[in-house]
Amino acid sequence: MESIIEVKNLTKDYGNLIAVDNISFSINKGEIFGFLGPNAAGKTTTINILTGMAKITSGKIFYKDNDITNKIKKIQRFIGVVPDESNLYEELTGYENLCFCASLYGIFRSKREKKARELLEVFQLSEASHRRFRTYSKGMKRKLTIAASIVHEPEILFLDEPTTGIDVASSRQIRNLIKKLNSNGTTIFLTTHYIEEAERLCSRIAFIKNGRIIKIGTAGNFIEDIKESNVIEVLFDSVSVDKNILLKRLNQNFPDVECIFKNENTIKIISPGKIDISPIVSFLSSNNIYILEAKLIKPTLEDAFVKMTGIEIDIMKKEKEKK
Amino acid sequence: MKSFIAFWNILLKDMKNYYLKPPNISWGIIFPFAWMLMLFIKSQSAFNINDTFPGIVAMSILFGTTSMLAVTITFERKSRSFERLLLAPISTELLVFSKVSGAILFGILNSIIPILISVLYFKSAVLNWYLLFTGIILLSIVSTLLGLSIAVSAKEVFEAQTFSNFFRFPMIFLCGLFIPIASLPFYIRPVSYILPITYGVDVLKYAISKSNSMPVLLDIILLIIFCVGLFYFSIFNIRKKWIV
């Protein structure tokens, strides 16, 4: 596979804070490469470095085998960036925003006007094209921001949390647009904290936590690693004790299994071997937890992520949405 | 050509969205008009337009450019739309040049009202029109770049406004506009000579009534040095503070 971007031993620190810690990866031409991790994992910092918005502390960056470390300006013509927040001009209309963004890449007037109209059509924003950006809904803003980032037909598109904080229908539409862009040949670097989004869209995924890449592979690779594991989901009514205390007790009493909260009412129990459920159920009952259901499930990418990072998915989602 | 397209469109957008908005146009008209009226009423019997003219022109430019650029750039930084420009394949130099060009034009336009009032109504005789416009252009550039230096240091719009006032008001009293530098206490005079506005005002004074206090060529050379220095100081700061 031909790599379009290659990163070697990239580190970024802000004084005592190490935002990105010695990471290495490559993005292959034509793929959707996902960066999956919680808040403050280093996802946005990595994008900022690769797009020229942040300086590198150490390491090397290559674009098509050419060393472009500290020379990102040279490749900005070939990249598009969708930041985690829509950043177009509030006082311009959708159409004007697209034309203006195209002009920044030196595109002639007739071509940029044609391209803007085409994109508005593709992104189903034609009807709102002459409305000011500030009047758009969050989903529409997100779509226009993506459109503005591809108006110059970049080879690689960096998408930072493209579906965070928007409604389900817009998220679905954006995911379809990402797939379509990729099928038209655009290489995509996507950061997300939604496991299902990474699983659905990405050819390869890197798990990142505390600035370090824990593992890179396909969703299949990750699941393969834990396919022999047994996963039991225990659904209960409510918890009267502190969740952290309960988890601590569970892990102390059952050291052979890994227990994590999937959400407020569900505990996941993961074990490399068979799980004897009865002592766990008894333990939970003795802690005044009223169990509604316990079922054996197939390991998923989420289980692999939890196993490797120790991060609770629900907490990760909530943290991001609160932001 | 590609760079020119980017430059031209940034300039057009800024002119359309910020500088040519009705509140700014009316401000550009009312500000010099109000100052002239105030000075006229205050000293009607001894009113000398040639004493007042350079001051009003300089203040119109200084206040117009510094406040507009500092506020617009801080606003774009805050709304993150400035990132679009930083992500574009244009050099930081061209980006800064594009952003300041609108404010420089705005400054030049702001000087037209006092010129029109002075020449058409008060029949002021400008001695050297070329030097008057040279002074206006250099003063607009240097004031705009001062505004940019403030914008790079501010995080919020209100901070930019506060910083602007912190610099502008002392400048007005120290640059020899209303009080000749020679009349200032000796320990304050060095401050006057490190203010670029001092030299801009001196060029205007020469062009209007030859009442300058320094050689005009020296004024122009120093203004050019200030312009280049402030331009690269701002670029250095943008690279240091905004691309971290």
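## Orientation of two helices in chain A

H2(A) and H3(A) are oblique to each other, a label left for angles that are not under 35 degrees (roughly parallel), over 145 (roughly antiparallel) or 65 to 115 (roughly perpendicular). The axes of H2(A), residues 94-103, and H3(A), residues 109-122, come within 9 Å and cross at roughly 130°, and the crossing of H2(A) and H3(A) is right-handed. Helices here are DSSP runs of H or I with at least four residues, numbered from the N terminus.

The contact, in which C-beta atoms placed from the backbone lie within 7 Å, involves residues of H2(A) including A:Tyr95, A:Leu98 and A:Ala102, and residues of H3(A) including A:Arg112, A:Ala116 and A:Leu119. Its residues divide into 7 nonpolar, 2 polar and 3 charged, where Ala, Val, Leu, Ile, Met, Phe, Trp, Tyr, Cys and Pro count as nonpolar, Asp, Glu, Lys and Arg as charged, and the others, Gly among them, as polar.

## Basis of the model

This is a predicted model, in which local features need pLDDT of at least 70 and side-chain atom pairs count only at pLDDT 80 or more, while totals for chains, interfaces and linings use all residues. Residues are numbered from 1 along each chain as its sequence is written, and chains are lettered from A and ligands numbered from 1 in the order in which they are written.

## Contact between the chains

Chain A gives 23 residues to the contact and chain B gives 21. On the side of chain A that touches chain B, H2(A) gives the most, with 3 residues.

## Helix H5 of chain B

H5(B) has a kink of about 25° centred on B:Val100, and is followed by B:Lys123, whose phi is positive, near 55°.

How values were computed: Axes fitted to C-alpha atoms, helices over the stretch in contact; angles between N-to-C directions. Left-handed = near helix turned anticlockwise from the far one by under 90°. Contact = placed C-beta atoms within 7 Å. Bend = angle between axes of the 7 residues up to and from the residue.
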